[in-house]
Amino acid sequence: RALGRSLRRRTGEAASAVQRFTEEAATQVRASVREAKRVLEAARARVRDIATQAQRQALEGLAETVTLAERVVAQIRQRFADEKIADRVVSFADPDARPVRRGKRARPNEFGYVVQVAEVTEHTRRGARGLILPPKLRPGSTNENTLLPETMAELEHLKISLREAAFDAGFHPESTQQALSRVGADTFIVGTPHPGSRRTRRRLARYRVGNEGRIAHLKREFGAGRSRLRGTTGAQIWEGWAVLAYNLDTLARKAATASASHQQHRASR
C-alpha cells in the first residue's frame, strides 16, 4: 500500500520513496529467508527416512521458494547498484516467465511468454479456415523472426509448400523472406511493398486482419493465451493442447459440412 501511494507522488519524490520501501521489503525478505531455512533444516531432519510423498513435495516447494526469494533480494541490490540483471525472476508462481514488452498504452508490459501461431489454409478468401501448426514459444520479449525458422522447419517436416504467406508488421522483411524461401512462398507483410496487384494486396491484407479474429477465437474458445501450468514446459503443453482442440474442431466441422453436402447432392438427384 505504501508503494502504491508513493507512485502517485511527483516523479522525484516517488523514485526515492519507492527505493526506500523496496529496500525495507528486501530486509524483511532476508529475515524471512533465514527463518524458512531453519524450518527447512528441522523438517528435513525430522522426516529424513520416513517422509511421505506429500511431505517431500512440501519440502521441495519450500526449498524452491527460499531460492527464489534469495534471488529477488539479490536483484533488488543489483537494481539499485545499476548492475545488469541476467535471467531476472519476475514471478514466484512461474519462475520461467519473463517481461514481455507489448508497447500498448494501457498495458505496455506483461509477464509470460511469446507464442507464434501459424495456420495453413487452402485459400485466402473469405471464410478461410485451416489447421494450425504446433505453436512455437519463448519466455519474455522475443522477436517474431526468432521463432519463424522453427515454424518453417515444421512445414518442411510435414512436406507442406506454401503459395502465399501473410504476416503482421512485427516481422522484418528481409529475414522473413529468407525464411519463407525454404517453402517457396510469396511473402506479404503489412505496411511493406508487395509486387502484386492492388486486388492481391487487398485480399492478403484482409486475410491477415482475419487472423487476428482467429487468434481471439483460439484464446476465447480453446483456452490459449493464458496457461494454467507453470514453467516453459507447462506453457508449451497448454498451448499445444489448445491448438490440438482447435484442429480437431476444424476437422469435425469440415467432415460435417462434407457429409451435409453429400446428402444434399443425393437428395437433389
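This is a predicted model: local features need pLDDT of at least 70, side-chain atom pairs count only at pLDDT 80 or more; totals for chains, interfaces and linings use all residues.
Local features are taken at pLDDT of at least 70 and side-chain atom pairs at pLDDT 80 or more, while totals for chains, interfaces and linings use all residues. Residues are numbered from 1 along each chain as its sequence is written, and side-chain values use heavy atoms, with hydrogens and water left out.

The sheet comes first. Helices (H or I, at least four residues) and strands (E, at least two) are DSSP runs numbered from the N terminus, and two strands pair if DSSP finds at least two bridges between them. An open sheet is built from three strands in the order β1-β2-β5, with antiparallel pairing. Its edge strands, β1 (98–101) and β5 (136–139), each pair on one side only. Direction ignored, neighbouring strands of the sheet are turned by 55° against each other on average. Here and below, axes are lines fitted to C-alpha atoms, for helices over the stretch in contact, and angles run from 0 to 180 degrees between N-to-C directions.

Four antiparallel bridges join β1 to β2; arginine 98 has glycine 112 of β2 as its bridge partner. Strand β2 (residues 109–116) also pairs with β5 in the antiparallel sense, over four bridges.

Helix α4 (residues 144–157) lies across β2 and β5 and runs at about 150° to β5. α4 also packs against helix α5 (residues 173–180), at an angle of about 10° and with the axes 10 Å apart. Asn145, Leu148 and Met152 of α4 make the contact with Ser175, Thr176, Ala179 and Leu180 of α5, where contact means heavy atoms within 4.5 Å.

Helix α6 has 25 residues and reaches 35 Å from its first C-alpha to its last, close to the 36 Å expected at 1.5 Å a residue. The expected span is 1.5 Å times one less than the number of residues. Thr200, Leu204, Tyr207, Arg208, Asn211 and Leu218 are the buried residues of α6; buried means under 20% relative accessible area, exposed over 50%, and partly exposed in between (1.4 Å probe, protein chains only). After α6 comes glycine 223, with a positive phi near 80°.

Side chains of opposite charge can pair when their charged atoms come close. With a salt bridge defined as a side-chain nitrogen of Lys or Arg within 4 Å of a carboxyl oxygen of Asp or Glu, the count comes to 15. In one of them, arginine 214 and glutamate 119 meet at 2.8 Å, N to O. This pair links distant parts of the chain, arginine 214 in α6 (residues 198–222) and glutamate 119 in strand β3 (residues 119–120), 95 residues apart. Glutamate 119 is buried, at 18% relative accessible area.

Another salt bridge joins aspartate 87 to arginine 71, with the closest N and O atoms 3.7 Å apart. Aspartate 87 sits in the loop between α3 (53–80) and β1, and arginine 71 in helix α3, 16 residues apart. Arginine 71 counts as partly exposed, at 30% relative accessibility. Salt bridges with shared partners connect Arg71, Asp87 and Arg98 into one network.

Glutamate 83 and arginine 77 form a further salt bridge, at 3.4 Å from N to O. Glutamate 83 is partly exposed at 38% relative accessibility, and arginine 77 is partly exposed at 48%.
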